[in-house]
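Trainee: I have some labels to check against their cut-offs. Can we go through them?

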Amino acid sequence: MKNKILLLMALVFVIEITAQNTIITSGGESRVITTGMPFGLIAPDARAAGMGDMGVATSVDAFSQHWNSSKYAFSETKSGFGFSYTPYLKKLVNDIGIGYLSYFNRIDERSAFGVSLKYFGLGEIEFVTDEFSEASIQKPNELSLDVSYALKLTDQFAMSVAMRYLRSDLRLNYDNSDASAASTFGVDISGYYQSEEEAYSDFNGRWRAGFAIQNVGPKFKYDDAGPDNFQPTNLRLGAGFDFIFDDYNKISVTAEVAKLLVPTPPVYGFVDTDGDEFQDTDEPTILLEGKDPDVNFLSGIFQSFGDAPDGFSEEMKEFTWALGAEYLYQDSFAFRAGYFNESEDKGARKFLALGAGFKANVVNLDLSYLFSASKVQSPIEGTLRFSITLNIGEGEYVEY
């Protein structure tokens with residue numbers, strides 16, 4: 001589809017995606033934690049989306065590469081493919097969305113590897129300078145490609161390392177022949193714990209827990225003269241429990257918290273250094289509160305835990321949290337529900353999610369739907385998204 005909304009549409013979309021990050025307010029002044037390539041944090045699959053955008057501590061599936069690739073070491077399936085598509089801004093346009101393709105293979109009893117490709121297409125944008133000029137069609141996009149290796153360190157705990165290449169081609173070069181795409185690389189480090197099935201008075205149960213530090217890597221630029229951009233480095237922590245009532249019925253509950261490991265913008269201000277009461281001749285970048293965010297990515301990770309101008313209370317608001325549940329009947333039908341929450345002062349993303357899953361032979365189909373519970377409208381609100389999984393060698397590995 002050719003957008004007639006031109007550049008304004010692109011700007012609106014970028015603002016919507018920026019809402020995936022955190023908006024901070026202090027003293028009535030808005031401060032936004034910005035990162036480059038925030039598409040890397042968007043949930044790609046319908047199963048995770050149906051439980052409130054969580055996946056670091058849920059049971060393993062083909063899309064674990066995005067959330068916690070160490071879960072692959074616990075897969076009872078030899079290998080599998082996953083494909084998912086998420087429309088964006090569907091009420092306005094029909095050619096913006098995220099496609100995600102993943103593959104994993106359990107090498108042996110203790111190890112597994114996975115690969116995935118995420119592609120974020122922003123559709124076609126048509127630029128017209130005047131009525132006499134020929135239209136210029138641009139197709140901005142972003143993508144990431146990664147590979148992971150997971151290893152069981154004990155029978156109940158595994159860790160994984162993933163290497164990721166990221167590329168962002170958002171430069172609209174209709175009037176700039178020097179425009180180019182930005183690229184960088186990142187690393188994920190994750191761990192997953194899954195207990196043996198234990199007998200309780202009225203049911204059996206299994207504990208799960210996981211962590212992931214994602215997109216750890218150098219800052220990048222879109223051009224030599226531009227600013228350095230942080231990657232969307234992110235911390236996820238989660239835990240859950242499976243209520244196993246019998247061979248046919250199981251309910252899993254999971255909780256997850258997440259935080260961007262990127263410096264909080266400080267409070268800047270003008271100081272009248274020459275006594276003329278005019279700001280245009282004074283230094284505009286004087287740091288009044290907080291810490292200098294112009295640091296390397298490693299320093300930024302550690303600084304992000306203690307640099308909020310309003311102190312500890314503001315740091316706690318930078319955590320998002322989610323609660324989700326999944327009911328599974330006979331490993332063939334699943335019903336899911338979840339809630340995601342972000343502080344009102346940090347972006348105000350709040351939504352309820354519902355999902356369902358169906359299994360026929362080696363194929364799984366998952367669907368999800370989002371209901372906004374905030375004044376900030378989600379770009380995928382009212383959108384039905386889906387995922388398809390193909391399982392190969394199911395039941396080849398039996399845990400415990």
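This is a predicted model: local features need pLDDT of at least 70, side-chain atom pairs count only at pLDDT 80 or more; totals for chains, interfaces and linings use all residues.

Trainee: Why is Asp292 called partly exposed?

Mentor: Its relative accessible area is 42%. Buried means under 20%, exposed over 50%, partly exposed in between (1.4 Å probe, protein chains only). So 42% makes Asp292 partly exposed.

Trainee: How do you know that Asp45 has no salt bridge?

Mentor: A salt bridge needs a side-chain nitrogen of Lys or Arg within 4 Å of a carboxyl oxygen of Asp or Glu. For Asp45, the nearest side chain of opposite charge is Arg47, 6.4 Å away.

Trainee: What makes Asp45 and Ala48 a polar contact?

Mentor: A polar atom of the Asp45 side chain lies 3.1 Å from the backbone nitrogen of Ala48. The limit for a pair of N or O atoms is 3.5 Å; one must be able to donate a hydrogen and the other to accept it, and residues adjacent in sequence count only if both atoms are side-chain atoms.

Trainee: Which backbone nitrogen does the Asp292 side chain reach?

Mentor: That of Asp294, at 3.0 Å.

Trainee: How do you know that S4 and S22 pair?

Mentor: Pairing takes at least two bridges found by DSSP. S4 (residues 77-87) and S22 (residues 384-394) have 8, in the antiparallel sense.

How values were computed. Residues are numbered from 1 along each chain as its sequence is written. Side-chain values use heavy atoms; hydrogens and water are left out. Lys and Arg count as positive and Asp and Glu as negative; His and the chain ends are not counted. Helices (H or I, at least four residues) and strands (E, at least two) are DSSP runs, numbered from the N terminus.
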